[in-house]
Amino acid sequence: MAAGGGGRSCFVLGGSGETGRALLRELLAQRAFGRVTLIGRRRLSLGEAEATSPQGQAVVDFERLGEHAAAFQGHDVGFCCLGTTRAKAGADGFVRVDRDYVAQAAQLARAGGCKHFVLQSSQGANAQSRFLYLRVKGEVENLVQAVGFDHCIILRPAVLLCKRQESRPMEWIAQQFLSAVAWVFPTAYSVPVETVARAMVACVLQPGEGKVKVLENRAIHELGKAVKQQGT
């Protein structure tokens with residue numbers, strides 16, 4: 001997917017999700033990379049953006065990800081929004097997608113020359129948590145850090161505010177409540193996916209010091225808001 005940005009290249013894992021789609025829109029708007037590649041289990045229909053480069057997508061079998069090492073070669077930056085839910089995939093499927101697939105993809109990316117990896121995790125991620133979701137998020141954070149990227153950025157957003165393409169009734173109800181709460185406590189309990197996407201791109205364009213950086217929900221809000229203001 002041609003996007004300007006000279007010779008730099010990046011890939012996006014989890015482009016079919018709400019954050020992934022917002023991230024792709026932000027990447028194309030920023031034109032920070034000469035090439036943006038979506039890596040996923042199926043091709044996505046992206047309208048006009050898809051037509052700009054027929055080779056902008058790589059279809060892989062996550063159960064045999066090692067056979068698709070070529071898809072991860074030659075990228076400067078990797079963005080990962082890959083994830084599912086326990087309700088959708090079951091406990092074992094959730095662990096496989098959110099931890100195992102992500103960790104293996106990070107390893108393949110590093111072996112392919114990727115130096116900067118940006119991971120969407122979750123508020124409260126903790127490898128010692130009693131709760132499966134938070135424990136798995138904490139475990140994958142540790143695994144990705146251990147890969148040894150020059151720069152590893154981990155974002156821990158709270159509840160994501162978005163208009164999902166798939167129906168999740170209980171989540172919709174929660175989002176309506178949190179949208180109202182956000183007027184009073186804008187950075188405490190939720191964050192729009194567009195803000196997360198802007199923060200993900202910004203932390204690559206302005207990497208700062210240190211090999212590992214963790215952005216909690218408030219920091220995501222601040223970074224995403226700063227980028228939006230600069231663009232206005």
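The model is predicted: local features need pLDDT of at least 70, side-chain atom pairs count only at pLDDT 80 or more, and totals for chains, interfaces and linings use all residues. Residues are numbered from 1 along each chain as its sequence is written, and side-chain values use heavy atoms, with hydrogens and water left out.

The protein contains seven helices and nine strands. These elements are DSSP runs numbered from the N terminus: helices are H or I with at least four residues, strands are E with at least two. Of its 232 residues, 48% are buried. Buried means under 20% relative accessible area, exposed over 50%, and partly exposed in between (1.4 Å probe, protein chains only). Contacts are heavy atoms within 4.5 Å. Among contacts between residues at least 6 apart in sequence, 73% join residues at least 24 apart.

Seven strands build an open sheet with parallel pairing. Their order is S3-S2-S1-S4-S5-S6-S9. Strands S3 (57-59) and S9 (212-216) stand at the edges; each has a single partner strand, so one side of each lacks a neighbour in the sheet. Two strands pair if DSSP finds at least two bridges between them. Strand S1 (residues 9-13) and strand S2 (residues 35-40) pair in the parallel sense over five bridges. Within this pairing, Val12 has Leu38 of S2 as its bridge partner.

Helix H1 covers residues 18-30. The expected span of a helix is 1.5 Å times one less than its number of residues. For the 13 residues of H1 this gives 18 Å, and the end C-alpha atoms are 18 Å apart, which agrees. Buried residues of H1 include Leu23, Leu24 and Leu27. Just after H1, Arg31 takes a positive phi of about 55 degrees.

The structure holds six aromatic pairs. Rings of Phe, Tyr and Trp (its six-membered ring) pair if their centres lie within 6.5 Å; planes under 30 degrees apart count as stacked, over 60 as edge-to-face and the rest as tilted. Phe11 and Phe72 are edge-to-face, at 5.5 Å centre to centre and 85 degrees between the planes. Phe11 lies in strand S1 and Phe72 in the loop between S3 and strand S4 (77-80), 61 residues apart. Phe11 has 0% relative accessibility and counts as buried. Phe72 is buried, with a relative accessible area of 0%. Phe11 also pairs with Phe117: the centres are 6.5 Å apart and the planes at 55 degrees, so this pair is tilted. Phe117 sits in strand S5 (residues 116-120), 106 residues from Phe11. Ring pairs link Phe11, Phe72, Phe117 and Phe149 into a cluster.
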